[in-house]
Amino acid sequence: MSRHASGLMAWLIQRASAVYLALFMGYLLIHFIFNAPATHAALVAWSNNR
């Protein structure tokens, strides 16, 4: 794809990235609801391993 997306292609790219981010945020929300780190050190270790 070219560096300069315009019109419909730019809109589609923006929508696709919005859907991806919404799904990823949903995953993170569910992950932290059911498997929350107990300490700050555990959260830092989780973020460094990903």
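Q: Buried means under 20% relative accessible area, exposed over 50%, and partly exposed in between (1.4 Å probe, protein chains only). With that in hand, is Y20 buried or exposed?
A: Before we start: this is a predicted model, where local features need pLDDT of at least 70, side-chain atom pairs count only at pLDDT 80 or more, and totals for chains, interfaces and linings use all residues. Residues are numbered from 1 along each chain as its sequence is written, and side-chain values use heavy atoms, leaving out hydrogens and water. Y20 has a relative accessibility of 56%, which is over the 50% cut-off, so Y20 counts as exposed.

Q: How many helices does the protein chain have?
A: Helices here are DSSP runs of H or I with at least four residues, strands are runs of E with at least two, and both are numbered from the N terminus. The protein chain has 0 strands. Its helix count is 2.

Q: What is the radius of gyration of the protein chain?
A: This radius is taken over C-alpha atoms, and the globule rule is 2.2 Å times the number of residues to the power 0.38. A compact globule of 50 residues would come out near 10 Å. The C-alpha atoms here fill a box of roughly 45 × 20 × 10 Å along the principal axes. The radius of gyration for this chain is 17 Å.

Q: What share of the residues counts as buried?
A: The protein chain exposes about 4600 Å², and carbon and sulfur atoms supply 69% of that; the areas come from the Shrake-Rupley method with a 1.4 Å probe, and for residues only the protein chains shown count as cover. Of the 50 residues, the buried share is 4%.

Q: Why are the rings of Y20 and F24 a stacked pair?
A: Rings of Phe, Tyr and Trp (its six-membered ring) pair if their centres lie within 6.5 Å; planes under 30 degrees apart count as stacked, over 60 as edge-to-face and the rest as tilted. Y20 and F24 sit 4 residues apart in helix α1, so about one helical turn separates them. Their centres are 6.5 Å apart, and the pair is stacked because the angle between the planes is 5°.

Q: Which residues form one aromatic cluster?
A: The ring rule gives a count of 3 aromatic pairs. F24, at 36% relative accessibility, counts as partly exposed. The cluster is formed by Y20, F24 and Y27.

Q: Where does G7 lie?
A: G7 counts as exposed, at 55% relative accessibility. Its C-alpha atom is 37 Å from that of S47, which is 40 residues away along the chain. G7 lies in the segment before α1 (8-34).
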